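Me: I've got a chain here and I'd like to talk through its aromatic pairs and overall build. Can you take my questions one at a time?

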Amino acid sequence: MLLRTLSLIYGFCVTLTISAQDYPQNYFRNPLDIPVSLAGNFGEIRPNHFHAGLDLKTGQEGLKVHAAADGYVSRIKVSPTGYGKVVYITHPNGYVTVYGHLSRFSGALTKYARDAQYSNENYEIELFPKEGELPVSKGDIIALSGNTGNSGGPHVHFEIRDAKTEYPINPLLFGLNVPDTVKPVIRSLVIYPIGPGSRVNNSNKPLHIIPGGGKKQTEPAPIVLSGSCAFGIQTNDRENKSGENQVYSIEVQCDGKTIYRADMKSIGFSESRFVNAYADFSEKKTSGQTIQRCFLIKNNPLGIYKDVADSGRISLKNDGSKHTFRFIVKDFPGNSRTAELVCTGGPAAEQTLPMPACHSCFQPFSFRQPDILQVEIPAGAMYEDYVFVCVPQSPKLHPAYTTEFRLMNETVPLQDNITLRLKTTGLDSVSALQAVVVKEEKNGSLSSFGGTWSAGWMTVQTKEFGTYGIVLDKTPPALSLTYPAAVKNGRARLVKGKQIQLSVSDNLSGLKSYRAAIDGKWVLMEYEPKQKRLSIDTDDAGIFSGEHELEVEAMDGVKNKSVIRFNFLKE
């Protein structure tokens with residue numbers, strides 16, 4: 001409980017600080033030369049995280065990206081995942097701007113990053129230039145837009161952070177102009193019975209309702225709520241030139257009095273995974289619908305809440321009186337949409353079955369099945385108190401190197417890693433080098449979680465429940481040349497201005513490392529996971545015209561290795 005209390009106090013203090021700030025207006029310019037149009041906005045619900053900035057549509061790669069204000073480049077990172085190629089600029093007014101998914105850096109940044117890549121002989125780098133090394137002025141071109149990292153299409157990810165706390169703040173608070181006259185949409189409302197004696201219209205299952213306002217309400221009024229209940233809402237917004245995005249605020253009123261409010265002003269990275277406490281994870285897994293809870297579950301320290309009464313839960317008296325619940329959603333400019341439900345109280349149901357043993361989400365929990373399985377769940381890894389379930393499964397993996405188990409259910413989310421140890425059979429210290437712990441997905445595929453073997457046990461950390469087993473990964477990465485094509489004499493011809501490209505993929509443990517050398521000397525090779533592509537720009541690498549030898553190596557997570565060697569003639 002102390003952990004929960006401290007987290008709530010910290011989140012509340014951060015919210016107060018942010019609310020008291022006078023955000024500078026028009027200090028930061030649009031980093032692009034085209035009007036702002038959003039592919040995603042601040043606070044959007046993404047898998048296991050809140051979106052921390054604005055996704056600025058570009059429609060193509062290669063647009064100029066400008067420094068939003070005076071400052072200096074304080075961080076440069078290049079990665080095949082995450083924000084891909086990303087630049088951070090620290091500004092004298094106490095904020096940091098972030099520009100992600102870039103295709104390439106510009107000016108002095110290009111040499112600074114390239115020198116580090118060649119010095120480290122690694123495509124992936126993270127650099128922290130000191131103040132004065134890479135100064136920029138407002139409007140300077142720092143990069144070209146792209147689609148690198150975990151990007152679903154060409155765009156620029158743009159953030160504004162507090163330089164001291166590193167908390168991302170909604171960039172719209174700084175006066176960026178995004179034309180928006182479109183009201184949000186409320187697609188459905190959900191009423192959850194909370195607790196063993198609670199019912200909604202005499203059912204212990206959540207009730208999904210399409211509200212009125214242009215559509216016929218799918219549930220007649222009044223709705224009978226028995227015991228403790230709470231609400232959820234499926235809602236989204238769109239700007240004039242965008243698709244569906246996150247609403248800025250959600251408010252719930254009971255008979256005119258606010259009982260819940262949340263707004264998307266700022267969300268820290270330490271809070272981001274608590275999106276699984278804010279949104280209904282189970283509903284998303286089972287139906288694909290994104291339901292935003294209008295109440296707080298037990299382990300939820302997010303600082304986005306205001307005016308929350310009784311954690312957002314309601315208990316209506318069984319006296320025949322009717323109560324009006326109003327749901328108000330707004331976008332950033334203030335366009336709003338409202339829905340109403342009329343409810344009355346009913347008698348709580350009697351609990352006839354004994355309740356199973358429940359474990360506190362704020363206490364560590366250990367499960368042991370001697371010589372078969374061990375599970376460690378740390379304090380705070382769960383969002384609610386829970387009944388632990390671990391069920392042996394009929395083996396689907398052949399040969400079976402361990403007893404397969406289903407841990408809990410994949411519709412139950414985890415905030416932190418749990419530790420899973422599986423007793424192995426038929427593995428020795430040699431064969432165990434190729435062993436990986438896998439989770440069996442519903443579609444029959446296997447997801448690798450790696451793991452380490454010691455004294456007959458495989459140990460792995462995971463943030464997912466599900467069915468786990470062990471397999472051997474004996475297959476090296478698939479590596480093939482896609483350009484240039486080899487000719488009969490074994491020598492490929494590289495046309496001037498073209499890049500060498502290879503296809504790379506791995507069936508299980510994943511690509512761990514990759515390396516290229518031309519004429520025996522390391523050369524920079526970029527990895528694009530979405531395209532399963534490795535590429536080498538020989539012009540950029542300083543490779544002159546003539547005949548050369550290329551060697552490319554790719555290694556997976558258990559050190560299976562593939563190597564390609566070939567000669568090429570650069571025009």
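**Rings and overall build**

Reply: Happy to, and first a caveat: this is a predicted model, where local features need pLDDT of at least 70, side-chain atom pairs count only at pLDDT 80 or more, and totals for chains, interfaces and linings use all residues. Residues are numbered from 1 along each chain as its sequence is written, and side-chain values use heavy atoms, with hydrogens and water left out.

Me: Is F28 buried or exposed?
Reply: The cut-offs are under 20% relative accessible area for buried, over 50% for exposed and partly exposed in between, with a 1.4 Å probe and protein chains only. F28 has 4% relative accessibility, so it counts as buried.

Me: How many aromatic pairs does a search of the whole structure find?
Reply: Rings of Phe, Tyr and Trp (its six-membered ring) pair if their centres lie within 6.5 Å; planes under 30 degrees apart are stacked, over 60 edge-to-face, and the rest tilted. Searching the whole structure that way, the count of aromatic pairs is 20.

Me: What kind of pair do F28 and F174 make?
Reply: F28 sits in the loop between α1 (2–20) and β1 (38–40), and F174 in the loop between β13 (168–169) and β14 (185–193), 146 residues apart. Helices (H or I, at least four residues) and strands (E, at least two) are DSSP runs, numbered from the N terminus. F174 is buried, at 1% relative accessibility. The ring centres of F28 and F174 are 5.7 Å apart with planes at 70 degrees, so the pair is edge-to-face.

Me: And F274 with Y383: how many residues apart in sequence are the parts they tie together?
Reply: Both F274 and Y383 are buried. Their ring centres are 6.0 Å apart and their planes at 80 degrees, so this pair is edge-to-face. F274 is in the loop between β20 (257–263) and α3 (275–278), and Y383 in the loop between β27 (373–377) and β28 (390–392), so the separation is 109 residues.

Me: Which residue lies over the face of Y88?
Reply: A charge sits over a ring if NZ of Lys or CZ of Arg is within 6 Å of the ring centre and within 35 degrees of the ring normal. At 4.4 Å from the ring centre of Y88, the residue over its face is R75.

Me: What share of the residues in the chain is buried?
Reply: The chain has four helices and 44 strands. Its C-alpha trace spans about 90 × 65 × 45 Å along the principal axes. Of the 571 residues, the buried share is 49%.
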